[in-house]
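Take each task in turn, try it yourself, and then follow the worked steps.

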Amino acid sequence: MCFSAPASFVAGAVLSSAGVITLKKVKNKKQIPLALVPLLFGIQQIIEGFVWISFGWGMPKLNIIATYGFTFFSHILWPIFIPIAVFLVETDLRRKKIIMFCGALGLIASFYSFLLMIMFPVSSQINCNSLQYIFSSLGLPFFIHSALYLIATCLVCLISSHRLIKIFGVAAIIFLIISYYFYTVTFASVWCFFAAILSLIIYLFIKQQKFSKKKR
């Protein structure tokens with residue numbers, strides 16, 4: 001979590017366990033990427049726990065590894081992975097095309113973040129009892145990159161024809177606004193925590209799909 005190592009590890013353990021349970025309920029291979037979301041968020045939270053530990057124990061090498069590990073998830077993986085996961089479970093062809101377009105925008109956002117990570121150092125620091133991840137900038141205005149990221153990770157869920165996926169997208173946007181308003185500097189860490197908790201909605205979706213198939 002964004003506020004302490006123990007909270008990060010507890011959240012990571014709960015999410016990872018929920019992710020494994022979610023995967024076991026999958027009956028259609030197309031649901032696997034979506035079912036992986038809670039587990040991946042759990043891994044991300046555990047990695048952030050090690051970022052906290054690196055400060056408390058004075059371990060700069062661990063800090064670098066964990067910082068890059070966390071930002072790989074937050075800045076590179078999610079803008080690509082979420083559109084793919086939503087696309088695969090979508091059945092409406094028109095919606096699938098729009099989701100594919102959102103995925104292309106997410107790919108641009110991820111590639112830009114990747115360039116930043118290999119060209120400039122990424123660092124982390126404790127700021128007001130939360131973790132701040134520091135990125136350099138390279139040409140593309142911040143608001144454009146943020147818009148591409150938001151489309152690929154949140155708005156893409158609103159396009160889905162599945163109610164629970166839409167709920168996940170709406171909730172993610174609400175907590176994005178809350179996180180940015182109250183934790184602007186440490187926004188990435190705080191919002192990722194809330195998004196991680198919200199990913200438990202995916203379990204409900206997979207369970208619902210399994211129940212629907214049984215009724216048929």
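**Exercise 1. Judge the overall size of the chain.**

Step 1: With 216 residues, a compact globule would have a radius of gyration near 17 Å. That radius is taken over C-alpha atoms, and the globule rule is 2.2 Å times the number of residues to the power 0.38.

Step 2: The protein chain has 17 Å, so it agrees with the rule.

Step 3: Along the principal axes, the C-alpha atoms fill a box of roughly 55 × 35 × 30 Å.

A word on the model before you go on: it is predicted, so local features need pLDDT of at least 70 and side-chain atom pairs count only at pLDDT 80 or more, while totals for chains, interfaces and linings use all residues. Residues are numbered from 1 along each chain as its sequence is written, and side-chain values use heavy atoms, with hydrogens and water left out.

**Exercise 2. Describe the fold and how the chain packs.**

Step 1: Go through the helices and strands. The protein chain has nine helices and two strands; these are DSSP runs, numbered from the N terminus (helices: H or I, at least four residues; strands: E, at least two).

Step 2: Write down their order. Along the sequence the pattern reads α-α-α-α-α-β-β-α-α-α-α.

Step 3: Turn to burial. Buried residues make up 48% of the 216 residues, where buried means under 20% relative accessible area, exposed over 50%, and partly exposed in between (1.4 Å probe, protein chains only).

Step 4: Look at contacts, meaning heavy atoms within 4.5 Å. Among contacts between residues at least 6 apart in sequence, 73% join residues at least 24 apart.

Step 5: Finish with the surface. The accessible surface comes to about 10800 Å², and 74% of that belongs to carbon and sulfur atoms; the areas come from the Shrake-Rupley method with a 1.4 Å probe, and for residues only the protein chains shown count as cover.

**Exercise 3. Find the spaces inside the model and describe their linings.**

Step 1: Learn the rule. On a 1 Å grid over the protein atoms alone, a cavity is a set of points where a 1.4 Å probe fits but cannot get out; a pocket is an open set with protein on both sides within 12 Å along at least five of seven lines; and lining residues have an atom within 4 Å of a point. Grid points are joined across faces, edges and corners, and a volume is the space filled by probe spheres set on the points.

Step 2: Count the cavities. There are two of 30 Å³ or more.

Step 3: Take the largest cavity, of about 120 Å³. Its lining includes Phe41, Trp78 and Tyr149. Helix 4 (60-89), helix 6 (142-159), helix 7 (163-182) and helix 8 (187-198) each supply at least two lining residues.

Step 4: Compare the second largest cavity, of about 40 Å³. Ile82 and Phe168 are among the residues lining this cavity.

Step 5: Move to the largest pocket, with a volume of about 800 Å³. Of its 28 lining residues, the closest to the centre are His75, Phe142, Ser146, Phe187 and Ala188. Helix 6 gives the largest share of the lining, five residues.
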